[in-house]
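Me: I'm new to this structure and would like to walk through it with you. Could you show it to me before I start asking?

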Amino acid sequence: MNADFEAIPFAQIVMDGIQEMVFIVKIGNMSSITYEFISKTAMENTGLDESALGKTLREVHGEEKAAHLETLYAEALESRKAVWFKDDYYTAGGEKRWSSTRMTAIVNEAKKYTYVVSVVKDITKEKMEEAEKTKPGSSSKKGLRGTVPYLKRTGMPFLPSTRQGESELATLLLKK
């Protein structure tokens with residue numbers, strides 16, 4: 001390994017170099033899951049800070065949220081491979097955000113799974129774009145309306161289906 005690279009503390013690399021939120025928890029047992037590492041991005045987005053380190057999920061989040069997180073961490077431990085899921089959370093400022101999370105259980109020298117690493121990507125922009133596409137009057141429906149002149153020019157028949165937007169296109173065709 002490069003000596004310059006070895007001189008940079010690993011925690012600093014993860015803390016400052018990864019834009020996704022990173023959480024590392026230590027698994028004592030399912031009621032004793034403690035935060036061991038929280039990246040700078042995670043702190044900025046969740047309102048957690050270094051005072052959460054060494055504390056259990058229940059001490060930091062309360063019963064309901066801790067129970068939800070414990071279930072997810074248990075799934076990562078039981079599967080012994082990466083677990084992906086989508087979820088939502090609230091920022092420190094109260095803004096609702098959506099995320100895609102990958103949890104990976106880490107095995108130690110004794111072949112015991114004692115840590116789980118969570119890498120959380122913010123997918124709020126994608127979720128908002130997806131919601132916009134399904135909204136009435138969205139660009140996807142406008143795109144369907146734009147096909148009416150093409151269908152008329154080509155004389156292609158249109159049979160309505162149950163897919164969203166197509167029945168509207170059939171209605172437009174019948175009106176003309």
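Me: Thanks! Does Ser100 count as buried or exposed?
Reply: A quick note to start: this is a predicted model, in which local features need pLDDT of at least 70, side-chain atom pairs count only at pLDDT 80 or more, and totals for chains, interfaces and linings use all residues. Residues are numbered from 1 along each chain as its sequence is written, and side-chain values use heavy atoms, with hydrogens and water left out. Buried means under 20% relative accessible area, exposed over 50%, and partly exposed in between (1.4 Å probe, protein chains only). Because its relative accessibility is 14%, Ser100 counts as buried.

Me: Which residues does Ser100 touch, not counting those up to four places away in sequence?
Reply: Ser100 has its place in strand β4; strands (E, at least two residues) and helices (H or I, at least four) are DSSP runs, numbered from the N terminus. Contact means heavy atoms within 4.5 Å. Beyond its sequence neighbours up to four places away, Ser100 touches Trp84, Phe85, Lys86, Val119, Val120, Lys121 and Ile123.

Me: How many bridges pair β4 and β5?
Reply: Two strands pair if DSSP finds at least two bridges between them. β4 and β5 form a hairpin with 5 residues between them, and Lys111 in the turn has a positive phi of about 65°. Ala105 stands opposite Val116 in β5. The two strands pair in the antiparallel sense, and the number of bridges is 9.

Me: Which residue in β5 stands opposite Lys26?
Reply: β5 is also joined to β1, with the two running antiparallel over 6 bridges. Opposite Lys26 stands Tyr115.

Me: Is Lys81 buried or exposed?
Reply: α5 is followed by Arg80, which has a positive phi near 60°. Lys81 lies in the loop between α5 and β3. Leaving aside neighbours within four places in sequence, Lys81 is in contact with Ala76 and Met103. Since its relative accessibility is 57%, Lys81 counts as exposed.

Me: What is the volume of the largest pocket?
Reply: On a 1 Å grid over the protein atoms alone, a pocket is an open set of points where a 1.4 Å probe fits, with protein on both sides within 12 Å along at least five of seven lines. Grid points are joined across faces, edges and corners, and a volume is the space filled by probe spheres set on the points. For the largest pocket, that comes to about 460 Å³.

Me: Which of its lining residues are closest to the centre of the largest pocket?
Reply: Lining residues have an atom within 4 Å of a point. β1 (21–27), α5 (63–79), β3 (83–90), β4 (96–107) and β5 (113–122) each supply at least two residues of this lining. Of the 21 lining residues, the closest to the centre are Lys65, Leu69, Asp87, Asp88 and Tyr89.

Me: And how many residues does the whole protein have?
Reply: The protein has 9 helices and 5 strands. Of its residues, 30% count as buried, and the total is 176.
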